[in-house]
Amino acid sequence: MAVIRIPVARSTTRATTARLVAPGLLACGLLAWLLPSMAFAAPATYRLDPVHTRVLFAISHAGFSHALGTVSGSTGTLVFDPQDWSSAKVSVSVPMARLDLGDAGWNRAAGGHGLLDIDKYPAATFVSSRIEPKDPTHAAVCGTLTLHGVGQDVCLQVTFNQLKRLSLPPFHRIAGFSAIATLSRKAFGIDAWPSVIGDDVELRIEAEAEPVSTRGGDAPAGVPAPADASTVKAPTTP
């Protein structure tokens, strides 16, 4: 029986192969480009840098001026995706013994019984319960602030400054934030000396955080875990 062979042009075979392979190569290229972006955009856990995190407060001194003080050494964790503010979670502990009004006598008075009473309440904590995004770099971060043993719902007006790699050793990535809020000290049961100390406390917070994997380990001791809104208890009123 005769066998009939149909010649196929080599150029045609190559063209057909190219048409089949090209889409696959293109898909692989797109996947390779997307994967790093997807990994970068996923929520990551950061640890606050206590050296570059500072709480500044201002409060009226008998109407003459606003006394300024700072609290350094705050610790905590942040779960954050710069592409999705709504997924953020924050948990912070502020060591009140680190309060500094620029004078040893003022520091003792502010930390004593009748005011902050830091021997009994050595730390203030903030645990977020909801995020209200405004734009790519601004959001209201709301949650429970526990100060002087009293919990109150507080919203911090937060600005996301940037997330980039540090230009100095050890060259790890750093997320930077600024925040402001105004509190009533009486709402937290701190009501001594009303004729000398104002009620409104203006807060300004400057914070830097780095990925937990940079230093390893768990969240610092004494820092409450970030919680969803459904698990946060209602604030306690004074």
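Buried, in this talk, means under 20% relative accessible area, exposed means over 50%, and partly exposed is in between, with a 1.4 Å probe and protein chains only. By that cut-off, 37% of the 238 residues in the protein are buried.

A word on the source. This is a predicted model, in which local features need pLDDT of at least 70 and side-chain atom pairs count only at pLDDT 80 or more, while totals for chains, interfaces and linings use all residues. Residues are numbered from 1 along each chain as its sequence is written, and side-chain values use heavy atoms, with hydrogens and water left out.

Now the overall layout. The protein has three helices and 11 strands; these are DSSP runs numbered from the N terminus, H or I of at least four residues for helices and E of at least two for strands. Starting at the N terminus, the order is α-β-β-β-β-β-β-α-β-β-β-β-β-α. Contact means heavy atoms within 4.5 Å. Of the contacts between residues at least 6 apart in sequence, 60% join residues at least 24 apart.

Next, the core. A nonpolar core is a set of buried Ala, Val, Leu, Ile, Met, Phe, Trp, Tyr and Cys residues joined through side-chain atoms within 4.5 Å. The largest one here has 47 residues, and those with the most contacts inside it are Phe80, Trp85, Leu99, Leu156, Phe177 and Phe188. Setting aside residues up to four places away in sequence, Leu99 touches Phe57, Thr70, Val71, Asn107, Ala110 and Leu116.

How many aromatic pairs are there? The count is five, where rings of Phe, Tyr and Trp (its six-membered ring) pair if their centres lie within 6.5 Å, and planes under 30 degrees apart are stacked, over 60 edge-to-face and the rest tilted. Phe80 and Phe160 form an edge-to-face pair, 5.0 Å centre to centre with 65° between the planes. That pair links distant parts of the chain, since Phe80 is in strand β4 (residues 75-80) and Phe160 in strand β9, 80 residues apart. Phe80 counts as buried because its relative accessibility is 1%, and Phe160 is buried at 10%. Phe160 also pairs with Phe177, this time tilted, at 5.4 Å centre to centre and 35° between the planes. Phe177 sits in strand β10, 17 residues from Phe160, and is buried with a relative accessible area of 11%. Ring pairs link Phe80, Trp85, Phe160 and Phe177 into a cluster.

Two loop residues make a contrast. Ser74, in the loop between β3 (65-72) and β4, is buried, with a relative accessible area of 1%. Leaving aside neighbours within four places in sequence, Ser74 is in contact with Leu48, Pro50, Thr53, Val55, Val92, Ser93, Val94 and Pro95. Arg98, in the loop between β5 (89-95) and β6 (99-100), is partly exposed, with a relative accessible area of 46%. With the neighbours within four places again left aside, Arg98 is in contact with Thr70, Val71, Ser72 and Gly73. Arg98 and Ala123 are 25 residues apart in sequence and 9.6 Å apart in space, C-alpha to C-alpha.
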